[in-house]
Amino acid sequence: MNFASDNAGPMHPKVLAAMTAANEGYAMPYGNDPIMEEVRAAIRTTFEAPEAAVYLVATGTAANALALATYTAPWQTVFAHRVSHVEEDECGAPEFFAGGAKLTLIEGDSAKMDPDALRQTILGTGQKDVHSVQRGPVTITQATEVGTVYSLEEIRQITDIAKEFGLKTHLDGARFANACATLGCTAAEMTWKAGIDMVSFGGTKNGCAGVEAVIFFDPEKAWEFELRRKRGAHLFSKHRYLSAQMQAYIKDDLWLELGAKANANMARLAKGLASIKGAEIPDAPQANMVFAHLPRAAHKRAMAAGAKYYLFPMNVSLEEGPDDELIRCRMVCDWFKTSEEIDQMISTLRG
């Protein structure tokens, strides 16, 4: 019963098969393999963006940090939600790769940036001439760090404000497929058609071994990104193994199929969690992740049975305190999760 992370699951068989097929003979390195040409064309088709610049890296941290650095000078700031992925889980990588740029954190309910708060923060940034940090790009996490999803209108509100001030907008899409499946929209509708300038299109959490695409809808910064990727030690020599993963992932919309499957698994899990006596779920999950408050006794039963998921705070003791005290936890589903495993988890928590 492993609900710790969608990073914990296996590769999809089609992705594994593509990597095996790519492991024949020789192929030119550093992204010059013929598979990458197919990947670039397929992503441009999927995103309805024939001029887009498309690059692959192995990690989400590299995708986010290098993409943002491409549009962020060291004396600028990136506007992000207080619990955005770049703030919570990147260990300062965006600041590092941008040469010391900072993050300016914006409030908003359910981990979604409040447009009015963004506008007011931008207005108050860069007003002290040379003495203050200057305005840089805006980034949003989709799906968010608490499992909610920005609607297309909410994305447009954010990008409209950014454009009003001449700022670029980045979409952190580690769980892009989950959000797209929830909204029932196309990849283009959730990105450039909603005003997004660059996107990190995630595969690692959704059936790949380790690959993320960085997509710039305006290729003006393409060469700079290539230089930053190389200088940042994220240009793979045997690039064909990244290309092969993305080739299988994008083909026939496998990415969307797997995202929808993970969401359906979460819907089943969330329904079961809500039925546990005393349970509270502050933010109803819209993708494949849920934060729930469950009684200590339920957690003790699950952990004793070998279940894996995260408690918050992480150093909380299950041995000390009343059994009915609510303790916050995070559970995540992926495409590989079975109904039987989900039902077993709920049964164990209920006791």
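## Why the labels fit

Q: How do you know what share of the protein is buried?
A: First off, this is a predicted model. Buried residues make up 53% of the 351 residues in the protein, where buried means under 20% relative accessible area.

Q: What makes the radius of gyration of the protein agree with a compact globule?
A: With 351 residues, the globule rule puts the radius near 20 Å, and the protein has 21 Å, so the two agree. For the outline, the C-alpha atoms fill a box of roughly 60 × 60 × 35 Å along the principal axes.

Q: What secondary structure does the protein have, and how many of each kind?
A: There are 13 helices and ten strands.

Q: How do you know how far apart in sequence the contacting residues of the protein are?
A: Take the contacts between residues at least 6 apart in sequence: 76% of them join residues at least 24 apart.

Q: What makes up the accessible surface of the protein?
A: The total is about 15,300 Å², and carbon and sulfur atoms account for 52% of that.

Q: Where do the positive and negative charges of the protein sit on average?
A: There are 35 positive and 44 negative charges, and their mean positions are 3 Å apart.

Q: Which residues touch the most other members of the largest nonpolar core?
A: Phe47, Phe176 and Phe201 do, in a core of 59 residues. Helix 10 (residues 240-250) supplies the largest share of this core, with seven residues. As background, nonpolar side chains tend to be buried together in soluble globular proteins.

Q: What is Phe201 in contact with, leaving aside its neighbours within four places in sequence?
A: Contact means heavy atoms within 4.5 Å. The partners of Phe201 include Phe47 and Phe176, along with Gly173, Glu212, Ala213, Ile215, Met246, Tyr249, Ile250 and Trp255.

Q: Which residues of helix 8 are buried, and what covers them?
A: In helix 8 (residues 176-183), the buried ones are Phe176, Ala177, Asn178, Ala179 and Cys180. Their cover includes strand 5 (169-173), strand 6 (198-202), helix 10 and helix 11 (254-274). Just after helix 8 comes Gly184, with a positive phi of about 65°.

Q: Why is Asp116 called exposed?
A: Exposed starts over 50%, and Asp116 has a relative accessible area of 54%, so Asp116 qualifies. You'll find Asp116 in helix 6 (residues 115-123).

Q: Why is Ala264 called partly exposed?
A: That label covers what falls between the buried limit of 20% and the exposed limit of 50%. Ala264 has a relative accessible area of 45%, so Ala264 is partly exposed. Ala264 belongs to helix 11, and its C-alpha atom is 44 Å from that of Gly126, 138 residues apart along the chain.

Q: What makes the phi of Glu48 worth a look?
A: Most residues other than glycine have a negative phi. Glu48 is not a glycine, yet its phi is positive, at about 55°. Glu48 lies in the loop between helix 2 (34-46) and strand 1 (53-57). At 37% relative accessibility, Glu48 counts as partly exposed.

Q: Where is Ala111, and is it buried or exposed?
A: Ala111 is in the loop between strand 3 and helix 6. With 10% relative accessibility against a limit of 20%, Ala111 counts as buried. Ala111 also has a positive phi, about 65°, although it is not a glycine.

Q: How do you know which kind of peptide bond joins Gln142 and Ala143?
A: Omega is about 0° there, and the bond is cis. Ala143 sits in the loop between strand 4 (134-141) and helix 7 (152-164).

Q: What about the peptide bond from Phe312 to Pro313?
A: That bond is cis, with omega near -5°. Pro313 is in the loop between strand 9 (310-312) and strand 10 (326-332). For context, most peptide bonds are trans.

Note on methods: Residues numbered from 1 in each chain as written. Predicted model: local features only at pLDDT ≥ 70, side-chain atom pairs only at ≥ 80, totals over all residues. Heavy atoms only, no water. Helix = DSSP H or I, 4+ residues; strand = E, 2+ residues; numbered from the N terminus. Rg over C-alpha atoms; globule rule 2.2 N^0.38 Å. Buried < 20%, exposed > 50% of the residue type's maximum accessible area, 1.4 Å probe, protein only. Areas by Shrake-Rupley, 256 points an atom, 1.4 Å probe, with all protein chains shown as cover. Lys, Arg positive; Asp, Glu negative; His and termini not counted. Charge placed at Lys NZ, Arg CZ, Asp CG, Glu CD. Core = buried A, V, L, I, M, F, W, Y, C linked by side-chain atoms within 4.5 Å.
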